[in-house]
Amino acid sequence: MKKVYIQSTGCISAQQSWGDVSFLATPLFYESKVLPVVAPNYKEYISAAAARRMAKAIKMGVTASHFAMQEAGKDNVDAIITGTGLGLVRDSEKFVSAIIDNGEQYLTPTSFIQSTHNTVAGQIALGINCKGYNLTYVHDSNSFESALLDSITQLQADEVASVLVGGVDELWDHTIEIHQLIGHIKEQAIATQTLLDSNTSGTVFAEGAGFFVLESEKKSNTYAEVVDVQLYGTLAEEEVAQAAEAFLKEHGMTPSAVDVLILGNNGDVAYDTYYDALADELFSETTQTYYKHLCGEFHTATAFGTWLAAKMLKTQTIPDVVRLNDKSTSHIETVLLYDQYRGENHSFILFQKC
Amino acid sequence: MNQGVAITGMGIISAIGKDVQSNYHSLVSGTTGVQRVSKIDTIHRDAIWVGEIDWSNEELEARLNLPNDHNYTRTAVLGVWAAKQAAEDAKLSADPKIRTGLISATTVGGMDKTEKHYYEYLTSKACRKYIESHHAGDHSQKIAKELGIDQGLVTTISTACSSAANSVMLGARLIKTGRLDRVIVGGADPLSKFTINGFNALMILSDEHNTPFDQDRKGLNLGEAAAYLVLESEALVQKGNKKVYAYVSGYGNANDAFHQTASSDHGDGATLSMQKALEVAGLTPEDIDYINAHGTATRNNDLSEGRAFMRVFGEKVPLFSSTKPFTGHTLAAAGGIEAVFSVLALQHNTIFSNLNFKSPMEEFALRPQTETIQKELNHVLSNSLGFGGNCSTVIYSKRANS
């Protein structure tokens, strides 16, 4: 069975996570309920005419994938596999409201065309003329993980040698407003560096795109190995630790083998308790980190978590801003990421230094 | 070598029937389910034809015994209805040691509720329960919970009109690579004003019954459906002494990389996906006995797909038909219902007719099969082609490859 290596990253987020800057050296904090991204100048990567029609998700996805392809030194790949939880929110909103406002008349198809979930993967394929395998997963907080699972399965079986995998999600007015109404977004703006101290329900929403070139051959500039990903549709709080142990055991590891644990805490008191089972017991002596105070919460936020893992393994550093406890580690060999959203769609991703 | 993955259960609901048997009877008797819109409040009611399921949401909810405070979308009720049939048909045991997954597909997701309550969400609390069921994965979570398999791998695919074919492909791959022991795969898409108006704005809806591969074809009829297959590993089949309907023997996925919505004239994507599927199955083009075509009856699709047939099969294009005149184009569910139709074709050695065909297209001499006929079938190829250049092919075979 072949191994799976992260060769490059392209990450657009609420942090300066792209370009030639040192790893989270100057973290950005916000006083908000909804975070913006640090956007590159999209016109450098997408023609101005095309960019004008493009929703944020397409611009972020196409540009983040460009960063990943460029860093990997590739102009094509065998497969493009993406995940998006909510898809093209802006164009969906535009088309639904146009249907209602105009009584189903005078509609143009542009926003309908761009509203389909597979638009980003299709646009990337068009851009690099990739006729290979192309897929889009749309499963809530396991959208990126599903894309990763598909990538790993095909790379391990040697069906493909290179995959561009990524997650992307955008926000728009109506989506923000209705999620505020049902309490998924916090009632009050919050200083993001205090996200975990809020003691309130809901979280801070955001958007972003994280893309990676994965290959089955190790290179001199490889970031890390992705050992495996495991998805669960549901897990009870008391089953999380058991699931983590079982996942590690499958790869011949015990919890003590994990050097850094990355947790998906998003400051929602109703659901952050899922992480406590790992943080307080099984991994209480492990270096623990978190990231959603940096990138905010969105269905494909684990793509940012994956960027964090890849960066930590390659640079062998743990930025202070992501530390959740004061346990230190002399080396970073193995990183485990655990995430869930509102008690559903749990995932574990296991990374190793190479 | 590649043995294929066993299909041990099927479930379906479409405009031509609410279970596998009734779908089969409609197919062999040539009874279409395409008619005028009756359930959706749209101004296009008298201008278009659709493959609508005649049960309302309320009827489906009652049959599924849903509690009053549920937040099921139409995607979810159709999906649960069909997936339950498939699980019962395969007599799935509730053994927690058997790793079971669910892979569904949709394009619409919860849009049927969102388009109804879009502004009302802002002013009225009662409908807000549907906000959480808007995302595409919601119906899959609900199906998995109904079937008691929600702790396992649950995911959702959305690649426009090729979605459910990709569910079958992923499911087969996860079993072949030993990641799952069994998996329920398919898709669900209801009719909605969103899709009716989207395709209408694209000007590819026919004002008549759709006529795939006909020179005078005027576009597609939309439909709604859900369909699922149960796939099981060879070890489980043998252990449980299970009946096997057919095997998923090959699959291929490629991108046309030509245009966001249109297919290339020469059908690059479809050609590649069919060739890959043949390669995975270890079959030659001559081995294919019947093609269940994507055949949406748009000017663009049928030309592109027909040309791809000739590129893959040369002068000897197998008998082919599109079943879209029966069901309408059910978008993400199409690859699911046509998987069921492909298996039925193998089981009954029957090729279903391509209804409404009159004159061959001027670009080539291909003629679809217009009569239902009996023929020994061993391998059926099913195409699903979509927006975003997504092209997928699945090959269903009567016997495991030797």
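User: Is B:Asn65 buried or exposed?
Analyst: Count neighbours first: a residue is buried with 20 or more other C-beta atoms within 10 Å of its own, exposed with 12 or fewer, and partly exposed in between, with C-beta atoms placed from the backbone. B:Asn65 has 7 other C-beta atoms within 10 Å. Therefore B:Asn65 is exposed.

User: What pLDDT do side-chain atom pairs need in order to count?
Analyst: Residues are numbered from 1 along each chain as its sequence is written, while chains are lettered from A and ligands numbered from 1 in the order in which they are written. This is a predicted model, where totals for chains, interfaces and linings use all residues, local features need pLDDT of at least 70, and side-chain atom pairs need pLDDT 80 or more.

User: Where in chain B is B:Asn65 found?
Analyst: B:Asn65 has a positive phi of about 55° although it is not a glycine. Most residues other than glycine have a negative phi. Helices here are DSSP runs of H or I with at least four residues, strands are runs of E with at least two, and both are numbered from the N terminus. B:Asn65 is found in the loop between α2 (57-63) and α3 (74-89) of chain B.

User: What is the phi of A:Asp158?
Analyst: A:Asp158 lies in the loop between α6 (143-156) and β5 (162-169) of chain A. With 10 C-beta neighbours inside 10 Å, A:Asp158 counts as exposed. It is not a glycine, yet its phi is positive, at about 65°.

User: What radius of gyration does chain B have?
Analyst: The radius of gyration is taken over C-alpha atoms, and the globule rule is 2.2 Å times the number of residues to the power 0.38. For 402 residues, a compact globule would come near 21 Å. The value for chain B agrees with this: 20 Å.

User: How much of chain A is buried?
Analyst: Chain A has eleven helices and twelve strands. Its radius of gyration is 19 Å, close to the 20 Å that the globule rule gives for 354 residues, so chain A is as compact as a globular protein of that length. Of those 354 residues, the buried ones make up 59%.

User: How many strands does chain B have?
Analyst: Of the 402 residues of chain B, 65% count as buried. Along its principal axes, the C-alpha trace spans about 60 × 55 × 40 Å. Chain B holds 13 helices, and its strands number 15.

User: What is the order of the strands in the open sheet of three in chain B?
Analyst: Two strands pair if DSSP finds at least two bridges between them. Strand β3 (residues 50-51) and β7(B) pair in the parallel sense over two bridges, and B:Val50 has B:Leu222 as a bridge partner. The edge strands, each pairing on one side only, are β2 (34-35) and β7 (222-223) of chain B. The pairing is mixed, and the order is β2-β3-β7.

User: Which handedness does the crossover from β9(A) to β10(A) have?
Analyst: Strand β9 (residues 260-263) of chain A and β10(A) pair in the parallel sense over four bridges. The chain crosses from β9(A) to β10(A) through helix α9 (residues 273-282). A crossover is right-handed if, with the strands pointing away from the viewer, the path from the first strand over the helix to the second runs clockwise. This β-α-β crossover is right-handed.

User: Which helix of chain B holds B:Thr271?
Analyst: B:Thr271 is buried, because 25 other C-beta atoms lie within 10 Å. Two residues are in contact if their C-beta atoms, placed from the backbone, lie within 7 Å. Leaving aside neighbours within four places in sequence, B:Thr271 is in contact with B:Ala308, B:Arg311 and B:Val312. The helix that holds B:Thr271 is α10.

User: Which element gives the most residues to the side of chain B that touches chain A?
Analyst: The contact takes 55 residues from chain B and 49 residues from chain A. Elements of chain B that each supply at least two residues include α4 (111-117), β5 (154-157) and β9 (246-255). With five residues, the element that gives the most is α8(B).
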